[in-house]
Amino acid sequence: MLEIIKEFGLIAGLAGLGVGLVLYLFRNIISKAVLDNLTKKQSFQVILLFMAFVWSLSVYSIYIYSKSNNTSSFSNQKNLLKEILVDTIGSYKISGIIEYDKEERKIFTTDFYRFEATNRNVFKVARPLFDYQWDLRKGEDSRKDFQIIQGHGESARCEIIKWNNSNPNGITIQARCDQIRKTLERKPGYVHCKMKGPIFKISKAQKNIKEITGILTKKRDESIDLPENFKSFEITVSTFNGRTIKASDNYQDELIKIELVGRKLIVRAIQ
């Protein structure tokens, strides 16, 4: 039973000790020494009175315990709020621009115009648009994306792409031209060829970064990781005394220090 009283004390302090002690008295003293000498009616009245006393004491103990905890919690919250208000200098927001590779890819048809010869193969090189390249980045798998288109002609045909003689800046096409034979007239064969395939270019582009915000305090340095490939940044610090500080590079005054280390922007309050 003493262990139970101890547990009550650990959980609820003095209030718990009071409840535990009353329960101990009820079990070990009244139930043995008193109730044996009373009538049933008197015993019932004593038990009822004792239960009312225990209930009242329990409620009061809980009230005292709760009030003590609430007071302590409120005090802690008050101290925390006071610390925040005293140590906080202001707020900051960071904007900026990042640079990234932008890819443009499209299907392009180049016109070789007229292939003309007599009984031989003819080769021409297809060039992509200015600043573009033929998209051969997948190696041999890229070849299925290209197509030769044959137009009008006589005694000639558009044949194959000479991949061994091709690169992203130029693709070689082979056409076969024979001789046109009409009665006594002999002329070179000719054919009109085109080639269709994907071209691409990669250029530098810029876009705004997502705005970063935070609180600046005296006791803690703010370390902000800027995005990869950032081009520029601007930080705006708004203090609680009405000052506005803007910086796009390392900066220091009597209030704050702003330092860029690699991609990490460090904002420090000067105490």
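Are Trp134 and Phe146 buried or exposed? Both residues are buried. The model described here is predicted.

## Aromatic cluster

There are 4 aromatic pairs in the structure. Phe108 and Trp134 have ring centres 6.0 Å apart and planes at 40 degrees, so this pair is tilted. Phe108 belongs to strand 1 (residues 88–117) and Trp134 to strand 3 (residues 133–134), so that the pair links distant parts of the chain, 26 residues apart. Phe108 is buried, as is Trp134.

Trp134 also pairs with Phe146: the ring centres are 5.8 Å apart and the planes stand at 65 degrees, so the pair is edge-to-face, the angle being over 60. Phe146 lies in the loop between strand 3 and strand 4 (147–154), so its pairing with Trp134 in strand 3 ties together parts 12 residues apart in sequence. One aromatic cluster is formed by Phe108, Trp134, Phe146 and Trp163.

## Charges over rings

Arg114 places its charged end over the ring of Tyr190, 3.8 Å from the ring centre. Arg137 lies over the face of Phe200, with 3.8 Å to the centre of that ring.

An open sheet is built from 3 strands in the order 2-6-5, with antiparallel pairing.

Strand 5 pairs with strand 6 (residues 170–177) in the antiparallel sense over 7 bridges. Lys162 stands opposite Thr172 of strand 6.

Methods. Residues numbered from 1 in each chain as written. Predicted model: local features only at pLDDT ≥ 70, side-chain atom pairs only at ≥ 80, totals over all residues. Heavy atoms only, no water. Pairing = 2+ DSSP bridges. Helix = DSSP H or I, 4+ residues; strand = E, 2+ residues; numbered from the N terminus. Phe/Tyr/Trp six-rings, centres within 6.5 Å; stacked < 30°, edge-to-face > 60°. Buried < 20%, exposed > 50% of the residue type's maximum accessible area, 1.4 Å probe, protein only. Lys NZ or Arg CZ within 6 Å of the ring centre and 35° of its normal.
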